[in-house]
Amino acid sequence: MRLYCHEDRFLVWQVRDLLVSRGIPCFVKNEYAIGAMGDLSPFDCWPEVWITDDEWMPKAKQLLDEWQSQLQQGSAWYCRHCGEENGSGFELCWQCDTERPDDLR
Ligand SMILES: [Zn+2]
């Protein structure tokens with residue numbers, strides 16, 4: 001059963017390492033598929049984390065939720081220009097388009 005997918009391989013492997021560290025059996029699919037499958041949309045080629053045994057799914061989802069909220073808290077940043085709070089995924093302030101300062105990465 002698929003737990004997680006993301007275009008960023010690094011994040012996918014972080015999830016996989018987290019699960020392995022808690023003893024949850026899992027594996028990564030599509031790791032090398034990006035750009036290799038012309039007929040599929042990019043979304044279909046994203047690396048995925050799969051749980052080997054569905055019994056672990058609730059526990060795995062809980063860990064994933066915790067991890068994602070930590071990720072967001074850890075890297076939210078405040079725009080120097082307008083003071084707006086921006087989520088970790090934004091490289092530009094969504095309010096005024098000011099670039100994220102290097103020291104806030
Ligand atoms: Zn701003």
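Modeller: Residues are numbered from 1 along each chain as its sequence is written, and side-chain values use heavy atoms, without hydrogens and water. In this predicted model, local features need pLDDT of at least 70 and side-chain atom pairs count only at pLDDT 80 or more, whereas totals for chains, interfaces and linings use all residues.

Biologist: Which atoms coordinate the zinc ion?

Modeller: Donors are N, O and S atoms within 2.8 Å of the metal (3.2 Å for Na, K and Ca); water is not among the atoms, so sites may look incomplete. Here the SG atoms of C79, C82, C93 and C96 coordinate the zinc ion at 2.3 Å.

Biologist: Why is the arrangement around the zinc ion tetrahedral?

Modeller: Four donors count as tetrahedral if all angles lie between 85 and 135 degrees. The 4 donor atoms around the zinc ion subtend angles of 105 to 115°, so the arrangement is tetrahedral.

Biologist: What spacing do the donors follow along the chain?

Modeller: The spacing is C-x2-C-x10-C-x2-C. C79 lies in the loop between strand 4 (77-78) and strand 5 (85-86) and C96 in the segment after strand 5, so this pair ties together parts 17 residues apart in sequence. Strands (E, at least two residues) and helices (H or I, at least four) are DSSP runs, numbered from the N terminus.

Biologist: Is C79 buried or exposed?

Modeller: Buried means under 20% relative accessible area, exposed over 50%, and partly exposed in between (1.4 Å probe, protein chains only). C79 counts as buried because its relative accessibility is 4%; C96, at 28%, counts as partly exposed.

Definitions and conventions: Tetrahedral: all angles 85-135°; square planar, octahedral: opposite > 155°, others 65-115°.
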